[in-house]
Amino acid sequence: MNITANWSYPTAFKLGRGRIKELADACKSLGMKKPLLITDRGLASMAITKTALDILEEAGLGRAIFADVDPNPNEKNLDAGVKAFKDGGHDGVVAFGGGSGLDLGKCVAFMAGQTRPVWDFEDIGDWWTRASVEGIAPIVAVPTTAGTGSEVGRASVITNSETHVKKIIFHPKFLPGVVIADPELTVGMPKIITAGTGMDAFAHCLEAYSSPFYHPMSAGIALEGMRLVKEYLPRAYKEGTDLEARANMMSAAAMGAVAFQKGLGAIHALSHPIGAVYNTHHGMTNAVVMPAVLRFNRSAIEDKIARAAAYLGISGGFDGFYDYVLQLRSELGVPDSLSAMGIKPDRIDELSAMAIEDPSAGGNPVKMTLENTKALFKDCF
């Protein structure tokens with residue numbers, strides 16, 4: 001089945017194979033004459049990136065790329081990107097890649113118009129109102145993985161390279177003006193990245209659904225997002241060229257990011273410090289800690305998860321859902337503990353202190369304290 005769709009939710013979203021051909025038109029529709037394509041080092045030399053640059057060049061939009069981006073992008077990458085943007089006289093950003101390329105690209109477009117340091121725009125209260133709106137550059141987002149959903153997000157995760165803490169930088173203008181979701185760009189993902197990014201999408205949906213805040217629209221999107229992952233992630237993992245599965249996973253990724261405005265929880269609160277300190281893959285880390293967090297939250301979410309299980313066609317209520325998660329992880333080759341990921345339990349105190357300060361902690365159904373978070377971390381080893 002060839003899936004093609006144009007949505008205007010939460011922004012202009014163009015889904016379908018071969019739609020990368022529409023990249024130049026998308027840039028022009030936002031007024032760009034000289035975009036800068038921002039991606040990560042791994043993608044910089046790949047054929048899909050060269051194709052995107054060819055399309056821009058053939059349309060008279062130049063051929064400029066910035067790819068000095070770490071897997072967990074930090075403020076040094078950001079400063080270098082803003083410098084490249086300004087030195088090149090660019091007027092827009094094509095954020096291209098997985099979470100790291102998308103997050104950094106969005107943040108460069110934002111910071112190109114600011115005089116204050118990036119940490120002044122952390123997602124706290126109304127800090128975003130400090131921003132000068134005039135200089136924020138337009139963004140076209142082109143995801144090449146199916147996981148973070150950053151292409152439809154109003155924030156970027158930037159790691160402070162000195163404190164090793166991941167900070168969420170927020171502004172409504174981070175939301176790209178156009179998204180091009182072409183499943184053909186994702187067929188080259190290695191299996192381990194298909195698994196990790198797919199489990200990130202699942203974690204976004206699961207945590208948003210479980211969060212106690214009132215947001216029925218997000219809860220509904222999260223449920224259907226989980227169903228798409230259940231149906232299509234194993235297919236995409238087994239057969240990387242299955243474009244129907246790849247397109248549905250791109251939908252699930254975007255749905256997860258839309259849903260989590262309802263909140264995230266302990267999966268992300270644990271995963272963010274682990275990723276910042278040990279540089280692990282974010283989605284894979286989410287998958288490793290997921291069963292321990294489900295056990296931790298059971299008393300608060302048992303009935304809710306039973307309803308989700310019924311919708312997903314899983315029998316046995318909470319226990320059935322929990323067993324399904326274990327089976328999915330095993331099918332995707334996810335390590336079964338943090339120890340199996342090569343992490344030692346010698347920094348639990350430090351990680352726990354970081355976890356309870358993480359913005360995701362506030363959406364967890366069971367209140368996270370230093371004591372119960374230490375116990376939760378120990379359970380993940």
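These legends walk through the whole chain and then several close-up views of a predicted model. Residues are numbered from 1 along each chain as its sequence is written. Because the model is predicted, local features need pLDDT of at least 70 and side-chain atom pairs count only at pLDDT 80 or more, while totals for chains, interfaces and linings use all residues; side-chain values use heavy atoms, leaving out hydrogens and water.

View 1. Helices (H or I, at least four residues) and strands (E, at least two) are DSSP runs, numbered from the N terminus. Buried residues make up 59% of the chain; buried means under 20% relative accessible area, exposed over 50%, and partly exposed in between (1.4 Å probe, protein chains only).

**View 2. His272 sits in helix H9 (residues 266-278).** Here is a histidine to look for inside the protein: His272 counts as buried because its relative accessibility is 7%. Not counting residues up to four places away in sequence, His272 touches Lys166, His282, Asp358 and Ser360, where contact means heavy atoms within 4.5 Å.

**View 3. Asn279 is found in the loop between H9 and H10.** Its phi is near 60°, a positive value in a residue other than glycine. Most residues other than glycine have a negative phi.

**View 4. Glu302 belongs to helix H10 (residues 282-311).** At 33% relative accessibility, Glu302 counts as partly exposed. Follow the chain from Glu302 to Asp319: the two are 17 residues apart in sequence and 8.9 Å apart in space, C-alpha to C-alpha.

**View 5. His164 lies in the loop between strand E7 (155-160) and strand E8 (165-170).** This histidine also has a positive phi, near 60°. His164 counts as partly exposed, because its relative accessibility is 39%.

**View 6. A cis peptide bond links Tyr9 to Pro10.** Omega of this bond is near -10°, and Pro10 lies in the loop between strand E1 (5-8) and strand E2 (12-15). Most peptide bonds are trans.
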